[in-house]
Amino acid sequence: MTEAATLSQKLRAGVEEMLRANARVLYETLFSIRHIGRVIDFCLYESKSFLDAAQQPLEFECRIRQILEIAIFNGWTNSREGDSAKCVEIEFGWDDIRLIISVSHFVAPDVQGFVPGNGLPSNEAASRMAGMFEKIQALSDGLVIRHEQTTGRVQLVAFVSAQANAKGSGIEYVNVDSVEDIVQPNLRTEVAIPSPLSTGKVREFLQDEREDEKKSKTSGLRGAAREDASTAGLSNWKVKRLDQPKQDAEPEFKSLEKKSDPKEALTSERTEAEPSLAETPEKNKEDDQFLTSLMKKAGEGEDLASDSEQKGKASGKDWGRISEKSGGAADRVIDDRIVVSGGGPQDLTDEELNVKDLKEKYSEDLQQVLRAKDAQMALKSKHYQDQIDHLNSKVEALKAEKQTLVNRQASGSSLSSSSSEFIDGQEKAESKEHVLADFEELDVKFQKLVERYQSEIEKGVVPESARAWAKGFMEDMLKDRAALNDRARAVATHLKKKEFDFKTQETALREEIRLKDEQLRQKELSLSKTKETLTNTLKSLEETKRLASAGNLDKNEFNQKLASTERNLEVSKEAHQKLIVRFEELQKKWQEDSSARILLQQELSKQKPLTEELKRQNKELQMKLMQVSSGSNQQKSGGAAHDLNRRSGSGAESEAEVRHKLDQANKLSKAMKDELERTRKRFDELKLEETNLRIELVRVQGQLKAATKGQPQQPQKPQTQRGSTPLHNAGATGPTLGQQSVAKKPKS
Amino acid sequence: MAQVTADSAEQSQGKYKTVDLTTLRVGMLVDRPLYMFLPSQNKYVCMIRELHPLEERTLEKFKRLGNVYSSLGTLGERFPKLRRSAVIVNELCESTDVPSFDKNRRIRRATRWLVPHLFDQNSLATVLFFYRTFRIPVSETLFYVADLSIENYEKSVRLSTTAGLIALWLGYSNASFIRQFVETAFCEAIAAQGLSSEGGSFLLSDEQRRKALQLIESKKVPGVPMLDQRFKSLLASQNTCKALGDELVEVLEFSRWVCGQEQMNFQRVEQMRIARKLIGQFGGLFKRGLSARGTKLREVVDGPVPKAKVAA
């Protein structure tokens, strides 16, 4: 197919990209093969419209079913070993022209050469895969196998066209690792949106499934089931084993016990006689042998098959429902073995294989089944023969009884003597004769009936009444069995539910117990802590009680308080004395300082007029200097001769004198200035000293006051800081506003 | 865990609710921030943030002081459907009694409410749902990674659980498979961030990824089981797998985009196979969420979109 060629150029192949915009694509991920039958059923249920549109819907369905089954089993059985989560990804899409199935899984790196005609298989798994691919290729219209050796992913893409005779070429193998041109995924906007299988009509499907199951169980007879199957539509053709309903109903519960192994789950879903699908290659060989023997047997039984066809019990068209018709376990075995076995029939290998070959193959299987059915019929006729023999023996017994009755009647009539008795006896005899006549008539009728039955049996025809009885009996039996199975299943479900409920309850209770334990532990902890505190309190209380009882509590306390008070008093007295001494010293020092200050002030006042005088002189001298400088300017402007005369006379003497005086005055003013600076500095120092002394005095006064009140007070250190002004310090220590103003007075 | 914030009691009056101490376990993923009250300072101090594993010493401290508070309600109050969904999904993923399509249908029905939460990066629902359902990532791994880098750790937890949820929706409804996939995504994100020279980038070469796999195989990352070959190749040669079209790589890509850790053209995201699959599965709900997330990410990159454009 052309699609296969384009597909081989892509790195990633999605089914939706290969179909038209109106396509529908379903995808599913399988982690177990327990329910693959149902998954496939559901896929086909969803694609019913497409399947119905095919020329031969039933054949078409069967092909798709087989492709899906083989592809999934291939993915599962040949998956990479050692993986804890096996995963088979299915994509199933169709549009109005064709249907595409894609199944992906992972294989081990050593599995090579699994594509038929593309090298030899490297191991058993590869050969098994090759066989399965051949089968799929035979069933599909085109097959592409994509393999990524780096990751081990294998994707199988099978194309099935709705039109007949659309057979494509052989298997196309694409090694994805070697595809160099990376083709981006198709970004067309009208591409189909893939949906999970779960978005389909699950409820309807499950309902149909349940109804089918119910019908198959209650109908009992295969004929009725066959009628249902032929009229009820697609969902009814699912395989049902009518004579083994329990095995159908219970695999889930059986497999629950073994669900750890998916292979076991697989086997449990099938009949007990059926071997596991996921078993070793020896099993595959056995499968092949079985298949060949089956084919041989089918060849032998051709005559019987032709008879059955003449009878109209089966037709080639109904091969798709073969499992339903046959009903036995053997048909399921045949069907599955054909599907799963690696070898496969010899006639399916060539390209000329088509649907007719398949038909022939299945008709052979059908013949085999019909032979089994004939054997069952023979057994039933034998059973009827036994019943007739039993009836004959009963007839013989009745005959013997009749003879004894006749004999007794003869002996009884000779013994009667009286007339009345004779009349009575005559009446009785008449009635007896009447009864006997009736009995003889019945006997004759019965004999005739027996003869007729015998003749019918000899002819090989089963009587209608016996057939009806057997039918009724079988129906009853089947109904009972179905009811019993239902009950058993209900009980099992109930048990399971109860078990689950109990487990949930147990878990909840355990959790609750754990929480309670935790709470209890915490409460115990808090209780122990409370107890501890209580014990301590009690202990102290006991101590107090003990002391109170001794009567020493008050006395001791008072004594102790007295001693401490006396000690405090002594300490405060000592501190008081010390403070008084300190106060006196400071007062003396302050007096000295104040007297020195007064002296300095007096000296300053004395120096003041002298300074004033000096300032005045200085001013005068400056005035004179100004005059001299202005005179020199006039001389420059007036005449040089006149200047020379003045300079040469008393003028030169006075100039030198003035200069000398000026120098003297400058020196004197400088000295006075220095003296003034010194005096100012001294004055500042004295002011500082005074402020300190005032602060000290205030503090000492405060301490003295405190001491006189009787409170022992620790002597505080002076809180003077470096770089801070005394005034600031005075404020920091907290003097009153009046004191602050006192401190500011000298500044003003 | 570091003390992150402290709120005074006056500011947060009625804001903090008492947490039952018995519900706390060592190693558990904390679903809400836990605070301790300090009476001396009259303050609530955050001891552990949400999505972080609870250390033994923190729990001991809680037990010793006996008071734990949280500003958020319980998990059931915040996400009423979470607990039931987790139970259902766990049961279904472990079971083989139900056919796969029915199983996926039930899972989809039970987790449909998580679709808006998937696209909301402030919501912790996906992470907590996954942790509740599958108990992954395990405590040892959480401790190990949380000690390395808190930012990387938080990003990786979000990314891995987002990827796991998407895989679950895509039909990979097997517990073992999902666990391995989430662990792979988690370790890959951690390794990618740890090994990246740029710090925080998830795009690495196959060579660097192989180193990450070696770390796991040599059991240097505690709690991570031995992976199947598929996940090993996914971790070691992701770029190759991506080129070959592995769906799980696409799931990781998509998750990175959702978590804002990889920039992609929105059209390309919409055309991604898994996006189309999920749209097919959830319909308009998923599509709306996807477009909203796309708009938000565009706003982050290009600034706010004008109103006229939005209306258009």
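A crossing is left-handed if the near helix is turned anticlockwise from the far one by less than a right angle, and right-handed if clockwise. Helices (H or I, at least four residues) and strands (E, at least two) are DSSP runs, numbered from the N terminus.

## The model

This is a predicted model, in which local features need pLDDT of at least 70, side-chain atom pairs count only at pLDDT 80 or more, and totals for chains, interfaces and linings use all residues. Residues are numbered from 1 along each chain as its sequence is written, while chains are lettered from A and ligands numbered from 1 in the order in which they are written.

## The two chains

Chain A holds 22 helices and seven strands. Of its 748 residues, 24% count as buried. A residue is buried if 20 or more other C-beta atoms lie within 10 Å of its own, exposed if 12 or fewer, and partly exposed in between, with C-beta atoms placed from the backbone. Among contacts in chain A with a separation of 6 or more, 74% are between residues 24 or more positions apart. Two residues are in contact if their C-beta atoms, placed from the backbone, lie within 7 Å.

Chain B has 17 helices and five strands. Of its 312 residues, 43% are buried. For chain B, 68% of the contacts between residues at least 6 apart in sequence join residues at least 24 apart.

## A helix pair in chain A

Helix 3 (residues 36-46) and helix 5 (residues 57-77) of chain A pack at about 140°, their axes 11 Å apart. Axes are lines fitted to C-alpha atoms, for helices over the stretch in contact, and angles run from 0 to 180 degrees between N-to-C directions. The two helices of chain A are therefore oblique. Angles under 35 degrees count as roughly parallel, over 145 as roughly antiparallel, 65 to 115 as roughly perpendicular and the rest as oblique. Helix 3 of chain A crosses helix 5 of chain A in a right-handed sense.

On the helix 3 side, A:Ile36, A:Ile40, A:Cys43 and A:Leu44 make the contact. Their partners in helix 5 of chain A include A:Ile64, A:Leu68 and A:Ile72. The contact residues divide into seven nonpolar, no polar and three charged. Here Ala, Val, Leu, Ile, Met, Phe, Trp, Tyr, Cys and Pro count as nonpolar, Asp, Glu, Lys and Arg as charged, and the others, Gly among them, as polar.

## Helices of chain B

Helix 3 (residues 82-94) and helix 6 (residues 125-134) of chain B pack at about 45°, with axes 9 Å apart. These two are therefore oblique. Their crossing is right-handed. Among the contact residues are B:Val89 of helix 3 and B:Phe129 of helix 6. The contact divides into six nonpolar, three polar and one charged.

Helix 8 (residues 150-169) of chain B has 20 residues. B:Gly171 follows helix 8 of chain B, with a positive phi near 105°.

## Two loop residues

Most residues other than glycine have a negative phi. B:Asn42 has a positive phi of about 55°. B:Asn42 sits in the loop between strand 3 (34-38) and strand 4 (43-48) of chain B. It counts as exposed, with 10 C-beta neighbours inside 10 Å.

B:Leu51 has a positive phi of about 70°. Its loop lies between strand 4 and helix 1 (56-65) of chain B. B:Leu51 counts as buried, with 22 C-beta neighbours inside 10 Å.

## Where the chains meet

Chain B puts 34 residues in contact with 43 residues of chain A. Elements giving two or more residues to the chain B side include helix 4 (100-111) and helix 9 (175-195). That side divides into eight nonpolar, 16 polar and ten charged residues.

Conventions. The expected span of a helix is 1.5 Å times one less than its number of residues.
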